[in-house]
Amino acid sequence: MLRFSLIFLSTLLLWAVTAQLNHALAPWRLYVFVGALAVTLPALTFPLKTGLLASFFGGLLFDAVAPVSFGTHALLFALTHAVVFNFRDRVPRDDTLSRVVIALFANLGLFLIFSFTQVARSPAPASLWPRLFADLACSQICLALIAPWFFAIQARALALLADDTHRYA
Amino acid sequence: MPKRFDQARPFLTLGLVVAAWLIVPTVIKTFTRASFFELTAPVSVAASYARDLKEYWSLRLRSNSELIEAGRDLARLNASYDLAVQQNVEMQGEIARLEAILRLPSYTGYRSEHARVVRRDFSGWWQRLTIRKGKNFNFTVGSPVVFSGGVVGRVSEVFAYTATVDLISSQTVRLAAVVEGDIRPMSYQGGLNPTFGSAGGVIEFVPLDIFASANATKRLVTSGLGGVFPPGLTIGSVIKVEPSTDGLFKSGEVKLDDRLAALTEVTVLVPLESY
């Protein structure tokens with residue numbers, strides 16, 4: 001329960017940071033989405049149920065502030081969690097670089113799937129894609145920059161609970 | 001446990017989570033959503049107060065002569081606004097007299113409530129603002145939101161002490177509009193938000209005799225139909241119209257005010273009957 005709470009709080013921190021970043025980027029019409037960061041560490045290190053719940057509730061946090069059906073982000077985060085969890089034993093997952101690469105791929109998938117769910121509402125879907133690709137590029141760059149810091153925060157917070165720092169770090 | 005089942009276990013668990021979520025009653029989802037939003041609200045509000053404080057201290061660095069100049073400019077502006085208010089009172093009296101004579105239904109009255117912008121959320125998927133007033137100021141869903149340049153959008157959700165506003169550049173906003181000087185309504189919808197460019201929207205059902213181009217724009221204003229927005233508020237400039245595929249109408253593009261992307265304060269028009 002405590003591990004779940006820490007992951008949820010770290011997701012809240014991630015949301016707060018990206019919300020402020022997006023507020024500042026708004027005049028340039030750029031947007032950053034780094035939702036996969038909330039999923040990566042729980043999917044790579046947690047037992048299935050705890051990690052899945054942490055990812056799901058993290059998604060609900062993103063849902064609460066978005067004009068989408070409540071649960072859209074949560075279910076997509078849970079799906080991403082399940083996919084990453086499924087292949088976590090077949091990829092290197094203990095060093096930061098591989099975690100960042102996994103987060104980048106997860107974010108790419110999340111962004112594209114979410115875009116497909118939203119693009120139908122646009123009056124001119126074709127003109128929306130250049131903007132979405134620019135946002136995606138911006139998001140991936142930001143994710144690569146903040147992922148090591150975010151994983152370190154999560155690992156340090158989790159290390160406070162257990163003496164197995166090496167497991168998360 | 002067979003290896004094949006073990007590999008499918010994450011997806012079976014996911015399936016259970018999805019099934020459980022689908023049968024959760026809407027009331028619980030609505031309550032959970034409001035709870036999660038209120039959990040995030042203090043973060044955004046605290047950040048906006050911090051920005052205001054930063055702005056206050058930066059303004060404190062201004063010299064006295066700058067303040068005197070600003071005060072003088074403000075006094076001139078106030079004088080011209082005083083005159084406009086007098087004219088406005090006179091015209092409202094005239095409208096009331098005409099409504100009484102012709103037995104016309106009166107326009108909806110509004111109470112203006114200014115609110116600071118807490119958070120801008122301008123993605124390709126949606127365009128929203130969070131403002132620092134909500135149920136504590138009797139805001140209602142659907143209330144029009146304006147600024148000095150015209151329409152900002154409409155209130156989409158109201159929470160305890162914040163509210164969210166769907167911008168007119170958002171694809172979720174659709175309203176009836178007219179070209180200035182014309183009375184025939186057309187449909188406006190937001191949704192064109194290019195990176196580093198001006199936000200825009202599209203218009204449909206434009207009469208065939210209306211022409212506009214980037215060099216000869218036409219001002220698009222609210223029609224007043226639908227009863228949400230008062231008539232005559234600026235939406236943007238029509239920069240392009242072309243015949244639509246059915247040949248009965250035209251469709252076109254609208255360029256919105258660039259200041260929409262950097263708003264720090266807006267005015268919510270709260271309908272008086274809801275107050």
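These legends accompany close-up views of a predicted model.

View 1. Helix α2(A) covers residues 37-45, and helix α5(A) covers residues 96-119. The two pack at an angle of about 125°. Their axes are 9 Å apart. The crossing of α2(A) and α5(A) is right-handed.

View 2. The contact residues divide into 6 nonpolar, 1 polar and 1 charged.

**View 3. Six strands of chain B form a closed barrel.** The strand order is β1-β2-β5-β4-β3-β12, with antiparallel pairing. On average, neighbouring strands of this sheet are turned by 45° against each other, direction ignored.

**View 4. Strand β3 of chain B pairs with β4(B) and with β12(B).** Strand β3(B) spans residues 144-147, and β4(B) spans residues 150-158. They pair in the antiparallel sense over 4 bridges. A hairpin of 2 residues joins β3(B) to β4(B). Strand β12(B), residues 265-271, is joined to β3(B) by 2 bridges, and these strands also run antiparallel. B:V146 stands opposite B:V151 in β4(B). B:V146 also stands opposite B:T267 in β12(B).

**View 5. Strands β2 and β5 of chain B pair in the antiparallel sense.** Strand β2(B) takes in residues 127-131, and β5(B) takes in residues 163-167. The pairing runs over 4 bridges. Here B:T130 stands opposite B:T164 in β5(B).

**View 6. Helix α2 of chain B lies across β1 and β2 of chain B.** The helix covers residues 26-60, and β1(B) covers 110-122. Helix α2(B) runs at about 100° to β1(B).

**View 7. Chains A and B meet at an interface.** In this interface, 42 residues of chain A are in contact with 41 residues of chain B. On the chain A side, α1 (2-25), α3 (48-64), α4 (72-87) and α6 (125-159) each supply at least two residues. Helix α3(A) gives the most, with 8 residues. By class, the side of chain A that touches chain B has 28 nonpolar, 8 polar and 6 charged residues.

Key:
Residues are numbered from 1 along each chain as its sequence is written. Chains are lettered from A and ligands numbered from 1 in the order in which they are written. This is a predicted model: local features need pLDDT of at least 70, side-chain atom pairs count only at pLDDT 80 or more; totals for chains, interfaces and linings use all residues. Axes are lines fitted to C-alpha atoms, for helices over the stretch in contact, and angles run from 0 to 180 degrees between N-to-C directions. A crossing is left-handed if the near helix is turned anticlockwise from the far one by less than a right angle, and right-handed if clockwise. Ala, Val, Leu, Ile, Met, Phe, Trp, Tyr, Cys and Pro count as nonpolar, Asp, Glu, Lys and Arg as charged, and the others, Gly among them, as polar. Two strands pair if DSSP finds at least two bridges between them. Two residues are in contact if their C-beta atoms, placed from the backbone, lie within 7 Å.
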